[in-house]
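Trainee: Please take a close look at one part of this model, its charged side-chain pairs and the elements around them. What do they link?

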Amino acid sequence: MRHLLSTEDLDVATATSLLDTADTLKQTLLGREVKKLPTLRGRTVVTLFYENSTRTRVSFEVAGKWMSADVINVSASSSSVGKGESLRDTALTLAAAGADCVIIRHPASGSAHRLAGWLDEAGTQVINAGDGMHEHPTQALLDAATLRERLGELAGRRIAIVGDLLHSRVARSNVHLLRTLGAEVVLVAPPTLVPAGAQHWGAEVRHELDPELPKLDAVMMLRVQAERMHGGFFPSAREYSIAYGLNEARLGMLPEHAVVLHPGPMLRGMEIAPAVADSPRAAITQQVSNGVHVRMAVLYHLLAGEEITA
Amino acid sequence: MASRQAADATDPAGQRELLSAGDVARTIARIAHQIIEKTALDTGNSDVVLLGIPTRGTSLAHRLAAKISEFSGVTVPTGTLDITLYRDDLRHRPNRPLEPTSLPARGIDNTLVVLVDDVLFSGRTVRAALDALRDQGRPRAVQLAVLVDRGHRELPIRADYVGKNIPTSRSEDVAVRLAETDDADCVVLRREGGE
C-alpha cells in the first residue's frame, strides 16, 4: 500500500489485515500506563487540514504520537495557505522539509489523489482524511472495526446508512468497504439527498426508514451537512427529523442486537435523539477510540514496511 | 572428507536436517530440566514466567511449561510477547502482521521472565524483546532460552539456555519447524536460495 486515498483501493485481504492490526494494537495498549511504541521513531507525519476537524485530526495526532512519529499539525488558517499559496506548493514544501507522510483534509473532492500524484516522486505518502464529498477511508475503517467488535464478522450483515448521502464522504467510503467485507448495504435518504449514480454503488437505495429497521444489524446515521447545502433539500429540520431522525420509537423497531453508529459531530435532536445517542446500543464513543487504533494501523502499514524507493 | 559427508547429507533441495522430531523433544526436555535447576522452581520459587516470542517461541514456551509441570509439578505462567513494533529493521523488510501479546494475569513486575525463542542469531530480536518488556513492567530478572544458537551476534547478548549450538555461515538459514505451526517437528539448515 503506497497511499490510502479511497476504500475502493482496499481488497478484502488488505482491509482485513488493517482491521486485525488495529485490533492487535488495541489489545497491546489495553491497560498500559505508557501508551507509546517506538515503531515509527524518526518518521515525520504532517496533518494538513483545510477544514475544521476535532476527532479526525486529534485521532491522527494521537495515533502518530503513540507510535513515536514526529507529528506536525498544519492548518490552512495558520499557514501560508492564508497568503494564497497553492495546495501543490504547500505540499511540495512539506515534502522538501522532510515529511514522510501527509494526512490531508480538504473541501475539494479529489484533492488527496492530486496530492498523491505530486508527492509520489518525493516518496512522501498520502492519507486521505476526507476530501470534499468524496471519501473518508479511515472513518470507514473505524466504523468497520467498531461493527466487527459489536457484531463479529460482517459478511452477510445488513447495514443501513441513513441521511445526507449527497454531501457525505463517509457514506461512499463505507459502502465500498462494507461491501468488500461482504455486508449488504442499504442507503436511506430523501430523494433530494441521494447523489446521482448512487444506484450503481452496489447498495440498495430506499426513501423510507421505518420498513428497513427490523431487518438491520446496524444503522449508521449521517450528519446533515448544512455547510455544504446551497438551497432547500428538505422543507424543515423538524420535518427531516420526523422522517429520518433516529428516535426512541425507531430504536425499538431495530432487532435487539443492532448497533447504532454516527460519525459525528452529531446534531442531537435532529438526526439522532439524545436518548438514542446515549443508549448502550450506540457505539459512538467506541468509534472514536477505535479511530486511534485504526489510524495507528494505517500509519504502520504505510510507514513501517520496506522503504519505498521512488 | 568432512565437507563431503555434509554434502552427502544434504537433500536435492539444499536442506540438511540438524534435529529430528525426537531430538527436538529431548532438547526441550533438557532445557526444562535446566530451567527448573537454575531458577530453583521446585524449591518454592514461584515468580518464574515464560514468555514466548511469536510465532514458534510461543509454541516452545508452552511445551517447556508442560515439561516443567511434568518434571517438577509446578505450573509456570506462560505468555506471548510480540516484538514486531519494537524491531529496528521495520523499514528494511516487508510489512509483517502483528501477533497479540498476552501476559499472565499477575503481570511481570518482580518476576523472573524467561524469554523463549526458536533461533538466536543477530540478537536484535532479543533486544527488541527487552524494549517491549520494559513497556510492560519491571521484571526482577530476564533470562533467555533458545532452541538453536546459530551465532553471528551483532549485539552483546547471550542465551542462558541453549538447545543446540549450530555454527552456520551467513549464507545459510536455520529453519525450526514445529507441529503447532508447521507439518512436523524438525530443525533444518538451508542454503540461501533453497526452499
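Mentor: A salt bridge here is a side-chain nitrogen of Lys or Arg within 4 Å of a carboxyl oxygen of Asp or Glu. The model is predicted, so to speak of local features requires pLDDT of at least 70 and side-chain atom pairs need 80 or more, while totals for chains, interfaces and linings use all residues. Residues are numbered from 1 along each chain as written, chains are lettered from A in the order written, and side-chain values use heavy atoms, without hydrogens or water.

Over all chains, the structure holds 33 salt bridges. One of them joins Arg2(A) to Asp120(A), with N and O 3.6 Å apart. This pair ties together distant parts of the chain, as its two members are 118 residues apart. Arg2(A) lies in the segment before helix H1 (12-29) of chain A, and Asp120(A) sits in the loop between helix H4 (111-119) and strand S4 of chain A. Helices (H or I, at least four residues) and strands (E, at least two) are DSSP runs numbered from the N terminus.

Strand S1 (residues 44-49) of chain A runs parallel to strand S3 (residues 101-106) of chain A, and five bridges join them. Within that pairing, Phe49(A) is opposite Arg105(A) in S3(A).

The other salt bridge to look at is between chains. The rule finds one salt bridge across the interface of chain B and chain A. Its partners are Arg32(A) and Asp135(B), whose closest N and O atoms are 3.7 Å apart. In that interface, 15 residues of chain B are in contact (heavy atoms within 4.5 Å) with 17 residues of chain A. About 1,600 Å² is buried between chain B and chain A, with carbon and sulfur atoms giving 51% of that area. Leu85(B), Arg91(B) and Asn95(B) account for 45% of what chain B buries against chain A, more than any other three residues. Buried area is the accessible area (1.4 Å probe) lost when two parts are put together, summed over both.

Conventions. Two strands pair if DSSP finds at least two bridges between them.
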